[in-house]
Amino acid sequence: MSDPLLALREVSTYYGAALALDRLYLDVHPGECVAVLGPNGAGKTTMAQTIAGLTPPRTGQVLFQDVDIAGWSPRRIARSGVALVPQGRRIFGSLTTEENLRVAVSSRQGTAWTLSDIYELFPRLYERRRQRGGTLSGGEQQMLALGRGLLTSPRLLILDEPTEGLAPVIIDGIVDVLSRLKADRVSLLIAEQRTEFALSLADTVAHVAPGGRITFHGSVASFRQLGAQGTTDELAAPDRSRGATSTTDAVTDEE
Ligand code: ATP
């Protein structure tokens, strides 16, 4: 298998004195889609924000294309090819759809995606281009947030709860778009509560347990098998002395 595009190595993140991510290992390969699953408060958002530089790790390495980007500013990380579509979309409510997109265009550097590409991908955004962001529906806001991320032409697109609050028909549309990105070899990291949505796109799964520990990192098939056995709630952590990789399917007891 190719070298990982992104590799977390023993990454720990804190909020003040509180540990939120506990010595995480994770690999994302070029063109791979990794589903980050786990219950409320387990640390999925913190993981997404740690990679994107919003909550930098206190210890460990965040290797992107073999360079440790831990401690870099979010802007520099975005410029290097990592885009975060945050939970809750965070679009500018008082700016129009097009102005929201142009903010992303102005911060990109020599990239492939253009405004017309985004309008082609999401014709609804073209129809709504003069409408203020705050007046768009939840689905349209999610398209806008995705479009904004794509305008930075990322090699890695991180999506934090992209289906939150959306109707099933809109979610199907998002699956189509993300499948197209995957076919274009954009790596995807999807943090989700909706397991089936994430598994329909994923190649591998990372399961995060409360306390910010990765308790499974392996193939979708292995994850489903454990689910069928009713054991996904009791997954034990991968062996940290080796580091978990997407090929380990590691479910070993660390105790
Ligand atoms: P959800 O699915 O509800 O978004 P999550 O898996 O994304 O949950 P996080 O939001 O990353 O989990 O939270 C991980 C832990 O960090 C939780 O215990 C949470 O209370 C704590 N936490 C998150 N944000 C902060 C913050 N800004 N300050 C202090 N603690 C925080």
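Helices (H or I, at least four residues) and strands (E, at least two) are DSSP runs, numbered from the N terminus.

## About the model

What you have here is a predicted model, in which local features need pLDDT of at least 70 and side-chain atom pairs count only at pLDDT 80 or more, while totals for chains, interfaces and linings use all residues. Residues are numbered from 1 along each chain as its sequence is written, and side-chain values use heavy atoms, with hydrogens and water left out.

## Around the ligand

Helix H1 (residues 44–52) gives the largest share of the shell around the ligand, three residues. Let's look at some individual distances. A polar side-chain atom of Thr 46 is 2.5 Å from a ligand oxygen atom, and a backbone N or O atom of Thr 45 is 2.7 Å from an oxygen atom of the ligand. For Gly 43, a polar backbone atom lies 2.9 Å from a ligand oxygen. The ligand exposes 640 Å² when taken alone, and the protein buries 56% of that (Shrake-Rupley method, 1.4 Å probe).

## Helix H7

H7 covers residues 168–183 and spans 23 Å from first to last C-alpha, close to the expected 22 Å (1.5 Å times one less than its number of residues). Its buried residues (under 20% relative accessible area, 1.4 Å probe, protein chains only) include Ile 171, Ile 174, Val 175 and Leu 178. After H7 comes Arg 185, with a positive phi near 70 degrees.

## A strand hairpin

Strands S4 and S5 form a hairpin with two residues between them, and Gln 65 in the turn has a positive phi of about 50 degrees.

Notes. Buried means under 20% relative accessible area, exposed over 50%, partly exposed in between (1.4 Å probe, protein chains only). Two strands pair if DSSP finds at least two bridges between them. A polar contact is a pair of N or O atoms within 3.5 Å; within protein, one must be able to donate a hydrogen and the other to accept it, and residues adjacent in sequence count only if both atoms are side-chain atoms.
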